[in-house]
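Welcome to this short tour. Open the structure in your viewer and follow the selections below one by one.

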Protein chains: 2
Amino acid sequence: MAHKYHHGDLPNALRCAAVDVIDERGLGSFSLREVARRAGVSHTAPAHHFGDMQGLLTSLATEGFEHLHQVLKAAVEGVDDPVDRLNALGVAYVRAGRTHKAHAEVMFRADLVDGDDVDLQTAGLHAYGTLYDCLIELFEAEDIDVDIDDATALCWSAMQGLIVLEPKFERMCDLRSAPMPPIEEMVSKFTDFIVNGFRGHRRQPT
Amino acid sequence: MAHKYHHGDLPNALRCAAVDVIDERGLGSFSLREVARRAGVSHTAPAHHFGDMQGLLTSLATEGFEHLHQVLKAAVEGVDDPVDRLNALGVAYVRAGRTHKAHAEVMFRADLVDGDDVDLQTAGLHAYGTLYDCLIELFEAEDIDVDIDDATALCWSAMQGLIVLEPKFERMCDLRSAPMPPIEEMVSKFTDFIVNGFRGHRRQPT
DNA sequence: GTTAGAACTAGTCAATGTCAAGTAGACAAT
DNA sequence: ATTGTCTACTTGACATTGACTAGTTCTAAC
């Protein structure tokens, strides 16, 4: 027979199916049963592995953060200048949000995921750490006296806001029939402004 | 009898009920029927005024933007210094997000609202304009040469990101048992960094 | 008073998340 | 080989949901 009773790695298959469903129909009309259907299992199979819908989506969000962490690590590799590194992180971040739209949509949706999930937290912390470390290096290199947590928060907020608000910005540009610059360009501008802002807090002004 | 057949202003009553439902049960388990129940009308009454769920939520989002516009206008009133004005806008923005949590949750959810809705667009544009105008004044006052749309995008993104990511930041602080500063303080820090960043693009350096 | 139409209700339908109960296979102990 | 006990699933049922169709009730213009 074609189908084994034991699937092999159903949790992963369900995650993939979930990504497909979100990509095709959007999170608004996401359905556990549709996910099960695509994975070729019964409609209650997902519950067995993830408990409920929140469990599946939390697992997806965790996967998203883990992937983000990898992407961010890869982005700074081989880049020496701290500012370039920061910019590379920003670009990688928004690109990850684009290439993994389904994951990105879920990752910061407090109403859909279980924020207390330990795996989710550690995965998020790892991604956070990459940015955090990058800023430490930058501040040491340029002798900047800014609280790292504040700086990390600003950088992350700006990138996250950019991703969320991009459709709105695009509309604003359309209304004035001005073309919206590619998002990577926006990231570079943001990075430039923010780094400039940090430089206002140098210990010994040049 | 106590109830008139015609409600008087059912659309408004439904919006209020919707806010209550979102506040109490969250957007995840939001239900049109529950809204109707709370408003004391049949389960199909909302459809008559808003078409469908997306219609109701779009109306809520529009209301949110209109309120935000009022709040932002009020925040800058009587504040003369452009930087103080920008800071006041930021504080008002995050406070509006807190005091009107239900609206804020809906306003930027592309999957729940109809982005093509004209009322929603104009309401959003008005709120955007307040920030836009504030930055124009700032740049004129300080002779800064930065594209206003880029600047607006950065300010808005940072504030929006702060609201969305605040729970995450709080968790990061908890994990190191460091207290999270009040969000208004974060806004002021962000504003400071960002304005500093803009100042790096003065036409005639001081 | 009649009538047109707006405001709202009632009933129905397929679809969904979750729960309870059952079944199929793996695997170790006897 | 058989038993027993896991895990990995399935089947069936239930209440709830959004949306649709077809009515019903009230308002107001004439």
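Start by selecting helix 5 of chain B, residues 82-99; helices here are DSSP runs of H or I with at least four residues, numbered from the N terminus. At 1.5 Å a residue, its 18 residues should span 26 Å, and the end C-alpha atoms are 25 Å apart, which agrees. That expected span is 1.5 Å times one less than the number of residues.

A word on what you are viewing: this is a predicted model, where local features need pLDDT of at least 70, side-chain atom pairs count only at pLDDT 80 or more, and totals for chains, interfaces and linings use all residues. Residues are numbered from 1 along each chain as its sequence is written, while chains are lettered from A and ligands numbered from 1 in the order in which they are written.

Stay on helix 5 of chain B and pick out its buried residues, including Leu86(B), Leu89(B), Tyr93(B) and Val94(B). Buried means that 20 or more other C-beta atoms, placed from the backbone, lie within 10 Å of the residue's own.

Next, show both chains. Their contact takes 38 residues from chain A and 38 residues from chain B, a contact being two C-beta atoms, placed from the backbone, within 7 Å. On chain A, helix 7 (118-142), helix 8 (148-175) and helix 9 (183-199) each supply at least two residues of the side that touches chain B. Helix 8 of chain A gives the most, with 17 residues.

Terms used
A residue is buried if 20 or more other C-beta atoms lie within 10 Å of its own, exposed if 12 or fewer, and partly exposed in between; C-beta atoms are placed from the backbone.
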